[in-house]
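Dear colleague,

Please find the structure below.

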Amino acid sequence: MADLEVPNELRREAKEHDMYLHPIDRDTYELFFGPQHMATENFSIILKMDGNRIEKAIVNPGFLHRGFEKLAEGRPYFTNIALLLRICVPESDVPENIYSMAVDEIVGWEVPERAIWIRTTVLEMARVSAWMFWIMGFGNEIGLYTPGQWAAAYRERFMRLYEELTGGRVYHIYTVPGGVRRDIPGDRWLRQLRDTVEYVKGKMKDFDEILFDNYITFERTEGVGVMDKRFALKHAVTGPNLRATGVPYDVRKDDPYYLYDQLDFEVPVLKEGDSLARVLIRRYELEQDLYILEQLLDMGPPSGPYMVQDARLKALPRFKPPKGDAYAHVESTKGDFGAYVVSDGSHKPYRVHVRGPSQSHGVTVLEELLKGARLADVPVILKTLDNCPPDIDR
Amino acid sequence: MIDWKLILEVIGILLYATFMGFIFMGIERKAMARIQRRVGPPLYQPIIDTLKLLGKKESISHGFIYDFGPVFALGASIAALLFIPIANFQLFSSNADLIVVAYLLEVPMLGIMLGAMSSGNPFSAVGVQRGLLTMVAMQLPYGLALIALIQHWGTFKLSEIVALQGAQGWSVTVPALLIAMIVFDIVFQAMLGLEPFDIITAPAEISMGPMVEYGGKHAAILFTQHAVQIFAETAFFAVLFLGGASNLLELLIKQIAVLFIAIFVASIYPRFTIDQAAKFFWKWPTILGIIAVLLTV
Amino acid sequence: MDMNEKNVEEKVEESRPELPDTREGRLVKALIEKAPYAEGSVRRERRVEFRVSVERIHEFLELASETFEMLMQISVVDWIKEGEFELVYQLWSVSESVHAFVRTRIPRENAKLPTVMDVWPVAETYEREAHEFFGIIFEGNPRLGPFILEEREYKKHPLRKDFNMLGHVKAIYGEDFDRYDESKTNYVI
Amino acid sequence: MNEILIILFTPLLAGVLAWAFDFRGVREVIGLIGAAVPLAYLVKLYPAVIEKPVDYALTVGGFTLQFQLGTMSWYFAAVASLVGLAMAFGLVATSRSGYDWLFALMSFTGVLGVFLSQDFIGFFLLWELMTFASFMMVLKRNRHESLKYFVLSVIGAYAMLLAIGILYARTGALDFETIRQALIIDVSLGTIGKGETILLFTLFLTAFGVKAGAVPLHVWAPGAYSETDQSYTAFFSGALSKAGVYGILLIYMLMGYKLYAELGTFHGHLTFAYVIAWIGAITVVVASFLAVLQEDIRKLFAYSSVGQVGYILLAFGVGSPLGFAGGLFHVLSHAIFKGLFWLVTAAIILQTGRTRFRDMGGLAEKMPFTFAMGLIAVLSLAGIPPMAGFASKWLIYEAAIQAHMPLVAGAIFLGSGLAFAYVVRFLYGVWFGQRPSELEDVKEAPLPLLLAMTILAIPNLVFGVAPGVVTGYINRILMGDVVGGDYYRLVTQTGTYNALLVSTALVIGLAIAGLVYLYGAKARRVPVTDTYQSGNPVTEEFNLSIRRNFYRPLAEALEFWLRYSWDRFYERLAKLSEDFADALRQAFYNGNVQSYSWYLAIVLLILALWGVL
Amino acid sequence: MSEIGNDGVISYELKEFKLFEPLFKWARKKSLWIVAFCTGCGGIEIPPLATARYDFERFGIMPNPSPRMGDLFLITGYVTPKTLKRIIITYEMMQDPKYILAHGSCPINGGVYWDSYNVVKQLDRYIPVDVAIAGCMPRPEAVMDGIMEMMRRIEDGTADGWKRYRENYEYYRRNQDELFGEGWREKEARRWLAWI
């Protein structure tokens with residue numbers, strides 16, 4: 001036990017609390033929850049259980065750590081797009097966008113209006129498809145497979161549109177500093193997008209009936225994993241989780257980027273702060289996102305270039321922004337997704353630091369909320385917090 | 001004197017029940033897939049699965065009880081089946097009554113739990129805990145539904161219950177027994193281990209619970225057991241409330257009808273937690289059961 | 001903005017009173033009045049910046065936490081040429097909708113500073129991460145140790161600029177690492 | 001010399017001798033002989049008893065104690081002797097002192113005496129002997145629990161004494177036959193009023209309810225059952241509690257008709273029987289729920305005993321011959337499976353020195369034989385078909401449902417579900433899961449204990465496959481063909497159960513399943529650390545068994561009900577009466593001897609007036 | 001300390017069912033149960049595969065949370081050493097015959113993360129891969145194709161990763177130990193003892 005990976009302070013503390021003395025702590029038992037588990041996806045929680053109640057939870061992330069931030073320091077600015085988008089798999093457009101926004105700010109580019117429209121649309125599409133994914137995940141966690149299967153199938157429609165627009169299904173490598181990589185394929189694509197939005201909107205009723213208005217969904221989520229406003233702010237919980245505690249903070253409203261200050265949408269807020277509130281908030285947000293997409297389609301893409309006109313872009317690998325740093329953040333379905341980019345004037349970023357929303361609600365908050373919860377609540381809490389392990393690991 | 005006819009019947013029914021049980025499991029998966037707008041696996045998929053599990057070249061054990069558990073479960077399921085009148089085949093049903101069958105149908109659970117416990121896996125242990133609490137919870141409404149039935153027909157014998165239903169109409173046509181059937185149907189959901197009472201396996205919570213350590217031939221035995229059990233339970237339902245059957249086809253139609261109710265309920269409800277399930281069972285189904293019982297006194 | 005040159009910082013110091021009369025400007029002014037040891041400036045709309053010396057960082061952050069409710073991230077930049085780590089506390093004010101960078105610098109050798117877990121409990125995660133990747137010790141955080149990484153990588157603090165990644169990978173994976181050629185110095189992919 | 005005298009007093013004599021010659025080896029041999037003699041003589045007397053009851057009268061100092069070995073007495077005595085013999089074998093292994101032998105065998109005599117007595121003098125005296133002896137057994141281990149037992153026993157004894165007094169005042173007789181006749185005649189005479197009948201019934205019910213451990217008088221049982229030598233508990237719970245049950249039967253025999261005449265019927269059931277049935281049903285449910293939530297192996301079985309005796313009360317409360325048959329059968333099956341359980345517990349405690357589930361686990365490999373015995377007991381208690389426990393439970397089901405007591409029958413269903421739950425807790429907590437490192441060198445239980453277990457395990461199997469053997473004898477007791485069928489079949493008016501066929505079917509099923517099993521690949525043993533832990537590596541240092549709060553979800557679902565406890569209620573009552581007594585003492589007990597004699601005189605006067613009036 | 005025995009993995013006898021082997025082969029092919037372990041970004045393509053558009057349950061494929069019942073291990077993307085430990089443990093828990101389908105280019109040679117300090121470069125050195133699908137990330141069609149290839153290989157008996165693992169256990173074990181250090185299982189497990 002000599003080379004145990006625990007620092008000395010800890011070991012002392014453990015000794016003080018009589019932790020090592022017994023090989024088996026008899027009153028509680030340990031349950032390893034994940035990573036090879038249906039509910040956690042590449043994430044591990046070590047649960048100290050008493051009966052069916054959790055006494056203590058320890059989060060063990062890091063199964064997805066690839067060292068993006070180190071890798072990004074070794075790759076040119078534009079190559080990094082292909083790398084960083086892998087941080088958030090269900091919404092790969094979000095890391096693309098924050099990185100591009102930050103670089104745009106450092107360089108001082110005014111992104112063309114058409115590109116802005118496309119970026120906004122792509123982000124909203126990402127949000128809707130991520131909600132679809134979330135419905136599937138949440139349904140599976142509470143044992144309701146039907147709406148999830150439907151939702152994942154609806155997501156495929158968005159995937160098809162993405163393929164047509166960007167060429168990729170999951171990883172699009174589409175938004176780049178200065179604009180987007182390709183233009184919209186044509187009006188047919190816009191029509192298809194509108195059809196898809198209408199279609200999914202029409203299916204909202206099904207989801208309501210089967211999932212969001214289900215007696216047992218209420219039973220399972222009501223009063224589970226409650227956090228209050230103060231707790232949420234202190235723990236930097238963002239996104240739907242924060243809005244479920246009564247704080248109307250939405251990056252799209254409070255720090256508007258792209259077209260969001262021109263769009264009409266509401267930020268749903270609930271006060272309860274329990275899992276049910278988090279579920280319902282997500283449901284309302286899905287509705288709002290569909291509405292935003294409709295507005296964007298009504299607005300139509302402005303004409304013009306889809307990429308800034310800059311001589312430096314001729315030799316992309318050698319593209320050098322000026323010295324400087326910038327922080328950009330967007331509202332993803334999981335919360336406030338931010339990136340801090342530092343440039344030292346060379347052709348590679350000096351430092352890229354990504355703030356995934358799960359970093360704040362996936363570790364300390366999760367550990368706190370799991371205390372005293374039932375074992376059956378673990379997946380519910382995990383999924384209503386919408387914990388995304390790659391955010392934490394990167 | 002060896003009753004060759006009976007022996008042949010027993011073998012025939014056992015083969016039929018196992019096969020149909022697998023097909024029922026296939027129907028379950030197929031119907032679920034259709035509800036989820038998928039194509040779904042072929043109906044005989046569970047048979048392939050079981051064959052594959054049986055064909056595993058390796059198997060692990062945690063001691064004698066671990067091996068004994070599934071074997072005991074399958075044995076008890078087969079025993080239960082033999083006492084249920086299957087259509088026009090009476091088998092042993094004149095030699096045991098409803099209570100015996102009801103108990104025999106519960107024994108497999110004990111077998112599975114025994115095996116699961118002996119693995120020492122905490123997930124299995126939580127599954128065992130949940131399984132037994134589900135059983136405790138559902139026992140009261142289940143018992144009340146059976147009592148209402150017995151009180152109405154005045155007999156414990158399954159074969160007589162079938163005969164009486166043939167003469168006086170199905171149990172469901174009696175209002176009190178209709179209530180009993182609703183209660184029984186709720187309990188039935190838990191007996192089949194389907195949502196909202198699939199608390200025992202709960203893949204997202206405890207990764208299959210008691211089944212988590214089973215693989216290879218043990219799992220194959222448990223799958224066979226599940227097939228026999230599903231056949232026996234649906235037949236039990238049909239015998240008790242749907243007037244039994246005079247031939248296997250009629251029985252099959254009734255069994256599938258029963259199964260479809262279960263599948264539809266399962267596909268639109270999430271899973272309860274175990275304490276919620278207990279509270280639920282002791283609330284509405286119990287009240288309904290008491291009403292049914294008092295109506296039939 | 002260049003952080004490498006001291007004279008720029010001095011310039012910022014001189015320009016302290018020239019805060020614009022915007023929401024952000026008033027916010028910075030109010031905070032600096034309470035904490036005269038800090039330097040503050042407005043970067044752009046909804047972005048403000050503070051510089052605090054490491055001795056008083058905890059004090060300042062505690063003060064700032066009244067306006068800036070959320071600690072979004074602790075970003076560490078390894079300025080190896082100057083032998084310093086720059087810590088950027090990214091704060092967000094929900095009430096004012098302003099993002100603040102609170103910068104402080106600590107020497108690379110024996111990098112230590114107090115934890116802000118008592119102000120924002122979420123800092124525990126950020127500090128664990130900063131400790132793991134850069135080796136900065138946050139005094140008072142009980143859970144510093146391998147968090148995301150395994151022990152072998154943890155000991156090397158891989159996000160430090162002096163961590164030789166390709167050499168490390170070569171050492172571990174050997175011949176599997178076939179795309180690496182030691183004779184080449186620059187990899188542009 | 002009469003056999004009855006031998007049956008009755010050999011245990012006591014052996015106990016005294018064992019106590020006197022307290023040497024290792026000697027006391028065991030004497031004790032074993034003492035415990036074996038009653039069973040041997042009962043077997044010898046079996047042909048005679050079937051023909052006609054064997055009578056014996058003993059005159060001691062003016063009192064004549066009448067004993068009779070009728071069919072029912074023989075049944076109860078045989079059950080008690082069987083368990084007693086097993087207990088003696090168990091004591092050989094677990095007891096190290098003559099004290100235990102003395103009082104264990106003394107209570108043996110008491111129990112036999114209670115079953116054999118034909119008048120209230122003998123009944124009461126031996127009842128008290130039994131209580132005293134069992135009290136002494138508890139006293140040695142735990143004062144507090146023994147005090148609880150003592151207080152409740154005294155309440156029961158006073159209730160009985162009072163009832164006997166009233167009966168004597170009314171009928172002028174103490175022997176059962178005369179009292180029975182007198183009470184039957186009294187129905188038409190009406191000298192004993194309705195109120196007095198109810199009083200008598202309540203007093204007897206209290207007296208016997210205490211011994212049987214009926215809710216709410218069960219509070220002594222968990223403590224007393226657990227705080228004594230566990231081999232003795234096999235007898236304590238297996239046979240001693242049957243004295244209470246026998247008492248309930250005595251109520252039926254002595255005053256059944258009178259009670260029926262005075263209290264009438266309620267929805268077609270005898271009212272007083274209905275009360276007993278509900279007490280039984282409540283006992284079953286409450287005790288089983290409490291058993292499920294126990295953390296101590298002895299407490300679990302103590303509550304389980306209480307619950308199982310509840311089944312018997314419930315069956316007797318049904319009031320139909322089938323109910324009596326079921327109850328009587330359950331007397332036997334409870335005695336054998338619960339005796340077996342207690343012996344298994346004794347073995348576990350003897351070998352490990354631990355009683356709580358949190359300290360145990362993984363013992364199945366270390367004590368395979370004990371485990372097998374425990375499994376038989378579990379299967380029997382849970383009512384798995386070809387076991388004795390199922391046959392008796394089946395009769396009770398039939399009786400309750402036939403008698404149209406649906407809610408009572410519902411309680412049995414719930415109780416059997418709970419029984420499943422708590423036996424599995426026992427199996428899991430003790431036999432499976434991770435073994436604490438301290439229990440690495442635990443060995444199989446000693447031979448006498450294994451013999452004792454075997455003595456009780458065999459009837460579980462035999463009477464399970466051939467329940468007709470028992471029901472045939474019960475038919476004799478009840479003097480009618482209550483349960484039809486042959487050795488293997490039980491037939492009632494409405495139902496049928498063929499134990500042999502069920503066993504055959506099970507064997508067929510097991511054979512088929514076993515063939516499938518044998519066909520598969522050869523299994524390789526893996527340790528507990530090589531199990532599914534979501535992919536994480538573990539070592540034995542982690543605790544992978546649920547050692548505490550196994551049924552916590554149930555406790556949470558029952559949160560509201562668990563706030564109320566009979567134990568706490570009595571404690572509060574005791575505190576209240578203590579305060580009251582303090583106040584009394586200050587007022588009355590002023591230390592003046594003369595005033596004491598005055599109080600005594602007043603009390604006597606009141607009693608005399610009441611008795612006369 | 002008790003040893004976490006994985007030596008037992010290789011020390012059992014093979015029992016061949018000669019008579020029914022063709023039947024079992026067919027069954028193995030038709031019923032591939034996936035161990036629910038998404039090891040990387042490729043996990044995102046499993047739900048589409050399981051749902052209406054691609055629906056792999058048509059071919060008898062379904063995810064199963066328990067490794068004991070699983071047949072097919074989908075390595076869905078890059079593998080970090082931390083995950084690899086779990087993969088090895090889970091793989092050894094699966095029962096023969098078992099198959100590994102490596103998904104995407106990362107398990108083959110590191111893919112995009114070729115120079116990352118925390119991504120295993122060549123998975124085949126640590127556990128035997130039967131079929132690898134190229135691409136980042138492979139489309140569901142490609143995964144289906146890979147699964148079909150796996151079925152073909154099961155049928156003609158060339159999907160023999162489990163056999164290779166048993167025969168070359170020393171080799172694999174050595175590579176694993178080289179990467180993680182000796183006694184990595186105990187070390188990894190004990191890491192949590194101080195915390196609970």
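Two residues are taken to be in contact if their C-beta atoms, placed from the backbone, lie within 7 Å. Helices (H or I, at least four residues) and strands (E, at least two) are DSSP runs, numbered from the N terminus. This is a predicted model, in which local features need pLDDT of at least 70 and side-chain atom pairs count only at pLDDT 80 or more, while totals for chains, interfaces and linings use all residues. Residues are numbered from 1 along each chain as its sequence is written, and chains are lettered from A and ligands numbered from 1 in the order in which they are written.

In chain A, Gly137(A), Phe138(A), Glu141(A) and Ile142(A) of α5(A) meet Pro379(A), Val380(A) and Lys383(A) of α15(A). By class, this contact comprises 4 nonpolar, 1 polar and 2 charged residues (Ala, Val, Leu, Ile, Met, Phe, Trp, Tyr, Cys and Pro count as nonpolar, Asp, Glu, Lys and Arg as charged, and the others, Gly among them, as polar).

Between chains, 40 residues of chain A are in contact with 35 residues of chain C. Elements of chain A that each supply at least two residues to the side touching chain C include α1 (8-16), β6 (324-332) and α13 (357-361). The most comes from β7(A), with 4 residues. That side of chain A has 14 nonpolar, 12 polar and 14 charged residues.

Yours sincerely
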